[in-house]
Every structure is written in C-alpha cells, then in structure tokens.
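Take a look at the structure below.

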Amino acid sequence: MPASLAAPDIRRDLVGLLPKLRRFAVTLTGDVAEADELLQKVCQRSVVKIHLWNNEGRLESWLYAMTRQLWVEESRRHRLRAGSSRPTAVQPGQATLHQLHAPEKSDSHQAVSALPEGLASIFLLVDVEGHSYKQTADILGIPQSVVASRLASARLAFAAGGLSRHSQRS
Amino acid sequence: MTVKDHRKPPIEARLAAYIDGEASHEEKQALDELLAGDADTHKVYDNLRRGSEMGRKAFDELLKEPVPLALVRSIKSAPEPKARDVRRLARPAVKLAPSGKQALAAALILFVIGGGIGYFFGSQPGAARITLPLTPNQGRTWPDDIAAAQRIYLRQTSHVVELGPNQTDEIVAWLTSAVGVKFSLPDLSGAGLSFQGARLLVAAGKPTGQLVYRNIDGEIISVCFFKESMANDTNDFNEIIKDDIGVIPWHRGGTGYAVVGASSDALLDDIANRVSVAI
C-alpha cells in the first residue's frame, strides 16, 4: 500500500537562501531583473517539488540545479518566441559576452557580468561556495573535465579585469 | 624548443585543479617541480590566485545586496506542499543477526526438513524429474520494470533505440501491432525534447512501447505505454520515485501510460501533461 507522506515545507529555508540563490541566478542570466523573475519560478516550483529532494547533500545544490534547468527552459522559450537561432546562455563552451546595459550596475555586477558566459556560475560554485568539481559539474550539467579549464579562464579574467581597472586609476 | 603535450590540459587548467586540491598526487608533484623552476608557470599561478581573490570579493559584494521584498512575499504566499504518495523501489532493510542458539536451531530444522525431502524423493526412484516453470517475478510492477529499463538506457550513449527518429511510420505501425495500443507520436519539441526513436520492452510481463526523447541537456526521457484491461482511468499524474528515476503514470481507455526520467527533473509532470494530450 502506498505511503502518504507529508512533504517538508521549505519556505522558511528558501527565504534564508534567497540571497545566495539570487546571486547564482545572476550568474546565469547576467541581468538582475531576469534573475529575480527566474528565482520567483524556482521558489514556486521548489515548494511543490520538495518531495523530489532526496535529503542528501546541500539543499542549495538541489535548488541551484533546478535554477539552471529552469533557466535552460526559459532561454529556449525566449528563443522560440523570438524566432532567433541565437545559442542559449548556458551552452557549454561558449565565450560570448553578456549583453548588459543597466546603467546603475555596481562594480561587482560589472566584474561578474563582464565574464564570458558560463564562467561566472563555475567560479561562484567552486571558488566562493566550495563545491567540488564533480558537484559543480552535476549542478551545471556539464562534463567534469571542463570545470578546471573554465574555472581557470574565470580566474584569469578576474585578474585581467582587476589589472586594467588598477591601471586606469593610476 | 619545447614540445607541447597535447594529451594534457593547458597549464592554466592544471594549475586551477592544483589550487583546488583536485589534482592527483603525481600531478601535484609534477606541478610543484614546475612551479619551483619555471617563472612563466609561476606567473600564471599568481594570476590565478589573484583572480580568485578578486572574484570572491566581487561575489561577496553581490551577496550584500538586498533581496526584493516581492520575492520573499511570493515564497510566503506559495501554496503549502501537498502530501504525496511516495512508493520506493527499495525495500526496507531486514537485518538478520541471529544468536548462536537461534542459528543452531535453524540449522537443525533445515537439516531435518532437507533430509525428509531427500528421503521422500529418494524412495521414489521412478519419479519424473520436476522442472519448475519459469515465471516472471510477480512482485515487480509495471513502473518497477520501466524504471529499471530507463536506468539502463540512461547510461547508454548509442544504441538507445531500435528504430530511429526518421522511421516514424514504421514505429507507429510496429508498436501499435506489438503492444495493441493505437497512439500518435507526441511532438515534445515545445518542451525542449527531441525525438530519438523507439523500442519495445517487456515490463511486468507485458509488451510495452517506449518512445525515447532527449532533453536539452542530453538526458533521456521516455514515454511508455502498454495495454491493460482492469485499471480505472486516472489523470492525477502522481509521481513515483524509484531512487534516481521518476515515473509519472496514468491510465486511460484501457491503456497504461508513463513518462519516465531522472527524478531530479523538475519538468517531468509538465511533460506528462503534454504527452497525455498529444499521444
């Protein structure tokens, strides 16, 4: 006989994780407004789908994977609506720049959004949040073998950006 | 002139893995030596370190930004999660740890029973050899078997299907006659799935059609169907979790249907909704 289980309520956890989830969403979308829109869908979906989480690992890892998956879906829908054949923002191996023109962006936003696409998420997961290469590959749906090279590209891009800002000031 | 080793990743990637503790012991030793003796390598290493530090600062700043109140409100006003039927493939573990006396008693009982059976058959020399009929495992359900098939095919990179995506007419004719169910091939491109082809399975002892799709991440998602006679129509799309595999079954018009994919796939129920309309 099937067991009827009450799914855990993660709404309180979600509120606590919002800043981190939002930061991750920004690395995918490159745009704060789009990130908030995406995050709203992630929150709604995760509350309903929490019974699918197997309670192993970090809750945010599961939420990150869901965010990435929804973003892929969203990108594809936008592309279909626009009738454009432009590749999605999260295809592995791409190196096109985010198109961001928000005038009020902070230095931090500029530094992150200036990274070639697909690199910011990897940097965030490994360098900032301490995920292993395997966990990062699982969350982002990419082969583990490409994590190190993309991470190196992200780090060198940050280093180059910092140097150019430093030389502009002096 | 140095000869570049094309088998190894670029030095930047190797150093990144070294910094993160993801390099093997041998690789770490090799890079230690390289860093000690090669100024260019050391410069790359320093740049990676500096970039790491600068990037972290930028991301730390992002975390300080206030979260829009509307997001918090939308979470608090989200509907409460529903109680779901969760049926696990994994059986509860039964731990057998008999004491010495219990083990001895069990061994004696088995000896007596075994001896009795042996005596009974031994005393009938003309008795015909008994062969047990091969019967399918009655404990396994249709979702169990299609989840098991899905788990196997998820790991395949080729030979996933018997008939490919260009043989749609043949697939429909073949599976209609083999399974005994009339169906249309659902076009799931709107859900980001591309049709890969089809195969015939045996699940719970019944012929089962499996239509195979891939999502944008290359993961396999299947639509399965079989003919059944006793089930009532259901359209509630309750997901059954079989460890890493999610199965969303429903019944309609004497046919059992299911969408099968990774249990982490948040969009399985959307796909099931689409399939139930299109198939």
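B:Ile245 has its bridge partner in E7(B): the residue B:Ala262. This is a predicted model. The two strands involved are E6, residues 245-252, and E7, residues 255-262, both of chain B. They pair in the antiparallel sense, over 8 bridges.

## The whole sheet

E6 and E7 belong to an open sheet of 6 strands in chain B. Read across, the order is E2-E3-E4-E7-E6-E5. The pairing is antiparallel. Strand E2 (194-203) and strand E5 (240-242) of chain B stand at the edges. Each has a single partner strand, so one side of each lacks a neighbour in the sheet. The strands are also turned: on average, neighbours in this sheet sit at 25 degrees to each other, direction ignored.

E2(B) runs antiparallel to E3(B), and 9 bridges join them. Among the bridged residues is B:Ser194, whose partner in E3(B) is B:Arg214.

The hairpin of E2(B) and E3(B) has 2 residues between the strands. B:Ala204 takes a positive phi in this hairpin, near 50 degrees.

## Helices across the sheet

Which strands does helix H7 of chain B lie across? H7 (residues 168-179) lies across E2, strand E3 (206-214) and strand E4 (220-227) of chain B. H7 runs at about 20 degrees to E2(B).

Helix H8 of chain B covers residues 268-278. H8 lies across E4, E6 and E7 of chain B. Its angle to E6(B) is about 25 degrees.

Key:
Residues are numbered from 1 along each chain as its sequence is written. Chains are lettered from A and ligands numbered from 1 in the order in which they are written. This is a predicted model: local features need pLDDT of at least 70, side-chain atom pairs count only at pLDDT 80 or more; totals for chains, interfaces and linings use all residues. Side-chain values use heavy atoms; hydrogens and water are left out. Two strands pair if DSSP finds at least two bridges between them. Helices (H or I, at least four residues) and strands (E, at least two) are DSSP runs, numbered from the N terminus. Axes are lines fitted to C-alpha atoms, for helices over the stretch in contact, and angles run from 0 to 180 degrees between N-to-C directions. Contact means heavy atoms within 4.5 Å.
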